[in-house]
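Please read them alongside the coordinates.

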Amino acid sequence: MTSSIDAVTRDWDGLTIPAAGTYVLDAAHKRVGFVARHMMVSKVRGEFNEATATITIAEDPLQSSVVATIQAASIDTTQGDRDAHLRSPEFLDAEKYPTLEFRSTGVKSRNGNEFVLNGELTIKDVTRPVELKVEFEGVGRSPFGAQDVFGFSASTEIDREEFGLTWNVALETGGVLVGRKIKIEIEGEGIRQA
C-alpha cells in the first residue's frame, strides 16, 4: 500500500519502508567507522572518509541488495603516523589494493526494524562472508530538493587476520599491540535515484 507522500513510503508487514527503487549513499550523511583494541587496554576509533554504496530496495524487501566501495587511502584515525601505517603494506596496502568492497548475498532475517544482511567483504585480495546487523531508522522526504531518503545503521565484527591483516607487536606484559577483532559501525542515509 502506498502512503500519502507520493509513493515515498509503503507499508510492509507492519513497518513503513522506502518505495522500491535504487538509492545511493549520501556522502554528506554517512559514517563508515571501526573500533579496534589497542595494547589490550583501550579502544581506537577511526573511519573511512570516502565510501559509496548503491542500495536496491526490491518490491519484496527481503530481496533487496547492497554494493559498496570504500577507498582504503581515506582511512582516518586523527593520527597521521598511524593512518600512514594503516595505509602501508603491513595493513591495507592502499596503493596496491585501493578499495575495500562489500556485496550483499541476501537478507537472512528480520525482527521488527532490524535485519540481518549476509554479504561478502573483500579486503586486499581476500574475500570472506560477513553478517551485518542492520537497523532501519526511518524514511521521508528531505525539504532540500525534495529528495526521498531513508536512514539506517549497521554493524558487524571481523577478525582482521582472516583478511591477511596480521601485523602486530607482542607486549612485554602479555598480549599484543593491536587486537584481532575489529568492530565495523556504519551510519547512513540512502537517497532515491530511480
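1. Alanine 51 has isoleucine 70 in S6 as its bridge partner, and strand S5 (residues 51-57) and strand S6 (residues 65-71) run antiparallel, joined by six bridges. Strands here are DSSP runs (E, at least two residues), as helices are (H or I, at least four), numbered from the N terminus, and two strands pair if DSSP finds at least two bridges between them. This is a predicted model, in which local features need pLDDT of at least 70 and side-chain atom pairs count only at pLDDT 80 or more, while totals for chains, interfaces and linings use all residues. Residues are numbered from 1 along each chain as its sequence is written, and side-chain values use heavy atoms, with hydrogens and water left out.

2. S6 is also joined by five bridges to strand S8 (residues 99-111), again in an antiparallel arrangement, and the bridge partner of valine 67 in S8 is arginine 103.

3. Aspartate 13, in the loop between strand S1 (9-12) and strand S2 (15-18), has a positive phi near 50° although it is not a glycine. Most residues other than glycine have a negative phi. Aspartate 13 is exposed (over 50% relative accessible area, against under 20% for buried and in between for partly exposed, with a 1.4 Å probe and protein chains only), at a relative accessible area of 60%.

4. Threonine 78, a non-glycine residue with a positive phi of about 70°, is placed in the loop between strand S7 (75-76) and helix H1 (80-87), and is likewise exposed, with a relative accessible area of 67%.
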